[in-house]
Amino acid sequence: MKVLGISAYYHDSAAALTINGLTIAAAQEERFSRKKHDASFPTNAIKYCLDHQATSPHQIDAIVFYDKPLLKFERLLETYYSFAPKGLFSFQSAIPVWLKDKMFLKRQIKTELKAIGFEKIPKLLFTEHHLSHAASAFYPSGFKEAAILTIDGVGEWATASICYGNDRSIKVLKELKFPHSLGLLYSAFTYFLGFKVNSGEYKLMGLAPYGKPVSTQVQLFEEIILTELVDLKEDGSIFLNQTYFTYTTGLRMVSDKQWQKLFNMSRRLPDTKIELVHCNLALAIQRVTEKVVQKMAVEAKKLTNSENLCLAGGVALNCVSNGKLLSKKLFKNVFIQPAAGDAGGALGAALATEHIYFNQERVYPKKSDKDLMFGAFLGPSFSEKEILAMVNKYEAIGFKVSYHSIYKTVAEALNSGLIVGWMQGRMEFGPRTLGCRSILADARDPQIQKKLNLKIKNRESFRPFAPSVLAEDANKYFDLTSPSPYMLQTQPVLKERCRKKPDNYYEQPILDKLYFERSDLPAITHIDYSARIQTVHKETNEHYHNLISAFKALTGCSVVINTSFNVRGEPIVCTPEDAYSCFMNTEIDLLVIGQYLFHKKDQPHWSRGSNIKSPSILD
Amino acid sequence: MESIKDIFNFLKERKKWWLAPIIITLLLLGLLLVLGGGSAAAPFIYSLF
């Protein structure tokens with residue numbers, strides 16, 4: 001049984017190939033097209049999935065799209081009808097797009113597939129959006145049965161769901177429906193605080209810890225949110241007071257005027273100075289989000305009485321909320337789909353088709369503590385021939401050395417304060433880089449955060465970096481109760497590693513606060529003394545594990561900074577060419593691709609441009 | 001033709017016949033749009049649409 005899953009036309013299009021219940025390949029289109037959050041039909045990602053397994057189109061049993069466009073259209077029409085005559089302008093803008101393209105997606109998908117080489121189109125199916133999310137978390141989790149919680153902006157009608165998965169079946173137990181949505185509530189604050197909706201949510205999450213935890217202002221903001229904007233019920237349902245939101249009928253998330261009055265502050269314009277009040281508001285909405293997610297999880301527990309929980313949907317990428325949920329220990333085991341956003345919908349749609357539509361038997365991991373995402377390394381890898389083709393094209397100067405020498409050289413480079421571009425094996429599926437397309441640096445260096453943010457990543461200086469730690473040493477650094485292979489939870493840095501805050505810590509300007517050395521791992525210890533942890537496991541990423549082990553042998557420290565191998569506004573690198581281009585366009589000192597080492601000082605003059613976004617363009 | 005059949009089946013399954021006049025009107029408008037070669041550039045309205 002071979003099923004191809006597709007997500008496209010909204011944001012983060014992707015393709016995934018599953019064979020007999022196992023995920024064989026999955027990738028986002030943006031990595032090939034080099035357009036961040038590319039929503040177009042995932043032609044390149046599909047080609048990759050087929051090529052990876054040497055599968056020809058006629059061998060595919062079914063192709064499945066990750067949501068139901070007509071159901072979405074129904075929601076659109078009913079929403080306009082309910083709010084009429086409000087929303088006329090939005091209606092005029094949206095309807096032509098639907099009439100020309102989205103209503104006839106089936107035809108469009110078939111045309112695109114024919115262009116790729118599908119002479120005869122296999123069975124074409126459509127799954128519901130939240131079922132795709134639920135399946136993307138449940139089937140790869142390895143759990144025989146589990147509660148499944150999916151939370152995002154909106155699919156067709158559902159914005160959150162509680163399901164129960166048992167072997168092959170997934171049963172929907174409860175749904176929250178549009179326009180009441182936790183994802184859209186968070187996006188509304190993303191907009192109000194000057195970040196881009198649908199991509200800047202993680203910046204809002206990174207900003208929240210700069211708020212003053214014990215402050216009347218944060219408390220007041222929380223109260224306003226929970227009394228004026230949101231009616232939070234005991235089961236985690238939320239009802240958003242639509243008088244304050246305009247996303248149902250307008251082209252913006254909220255009414256600026258009303259929100260300015262409500263919070264007694266102006267909307268922050270993009271790339272303007274961030275003040276304490278912005279941080280406090282970010283902290284308030286983050287806390288409300290955590291509260292809602294926890295209530296939903298309690299309800300999921302109540303409805304299923306399961307010891308296992310699976311999480312997916314865009315809100316499941318909120319690693320601060322995940323960390324808090326895990327600390328509550330409501331469930332014995334929790335699995336969060338690493339590609340929890342819409343890209344992962346392609347994978348979920350394929351797996352749902354296999355197990356629900358075709359009744360394909362499930363595959364379980366050999367060890368009970370492992371999952372079936374294989375470290376999320378489901379993207380393409382590149383052969384030595386392809387690396388050498390890049391070397392020839394750019395006349396790059398690189399040396400092939402043994403892996404042992406690679407580990408040693410990179411460990412020494414990191415220890416001496418250099419920044420390393422690291423590309424090995426198969427690319428990660430999902431938004432996180434997990435040690436195959438990473439920029440690495442020394443987490444002990446107090447200067448490195450500033451250097452990485454401003455000189456390499458060209459991004460906002462307030463944004464934190466995440467650590468990769470050897471799984472077996474994680475408890476020496478972090479208060480972590482379960483492995484975190486996909487970097488999807490934040491937990492505190494151990495108290496004995498932290499330094500005492502100065503008395504006026506929270507009154508200090510943001511950058512002073514940022515550059516205060518909070519621990520002996522200052523570059524990865526966020527303002528609130530937490531870290532977004534990735535535990536590195538030898539079974540899933542041997543080279544990366546060996547590298548950190550070499551760094552540990554040299555320095556005694558089992559932690560390195562792991563940030564995605566890209567610059568602001570660009571997708572994470574995919575090919576050796578992308579990696580070399582990013583290396584040459586930034587101040588990365590050393591590049592490693594497979595067994596090849598490239599030192600910056602050896603490289604020829606580079607005159608090619610890059611797509612690095614200026615800070616004034618939202619990303 | 002397949003698309004029209006899909007829409008019909010959809011309305012039948014969802015028992016939303018009241019949407020039919022709206023959809024028919026919109027489809028006729030859409031036909032004009034396609035014949036007129038008008039632009040249907042996606043507006044900046046987030047993921048809702």
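Student: What should I know before reading the labels?

Tutor: Residues count from 1 along each chain as its sequence is written, chains are lettered from A and ligands numbered from 1 in the order written. The model is predicted, with local features needing pLDDT of at least 70 and side-chain atom pairs pLDDT 80 or more, while totals for chains, interfaces and linings use all residues.

Student: In what order do the strands of the open sheet in chain A stand?

Tutor: Strands (E, at least two residues) and helices (H or I, at least four) are DSSP runs, numbered from the N terminus. Two strands pair if DSSP finds at least two bridges between them. Here the order is E8-E7-E6-E11-E12, with mixed pairing. E8 (169-177) and E12 (333-336) of chain A each have a single partner strand, so one side of each lacks a neighbour in the sheet.

Student: How many bridges join E6 to E7 in chain A?

Tutor: Seven, and the two strands run antiparallel. One bridge partner in E7(A) is Ile162(A), facing the bridge from Leu149(A).

Student: Which residues touch the most other members of the largest nonpolar core?

Tutor: A nonpolar core joins buried Ala, Val, Leu, Ile, Met, Phe, Trp, Tyr and Cys residues through C-beta atoms within 7 Å. Buried means 20 or more other C-beta atoms within 10 Å of the residue's own, placed from the backbone. Among the 204 residues of this core, the answer is Ile148(A) and Ala346(A). Helix H11 (276-304) of chain A gives the most, 12 residues.

Student: What does chain B hold?

Tutor: Two helices and zero strands. Of its 49 residues, 8% are buried.

Note on methods: Buried ≥ 20, exposed ≤ 12 C-beta atoms within 10 Å, placed from the backbone.
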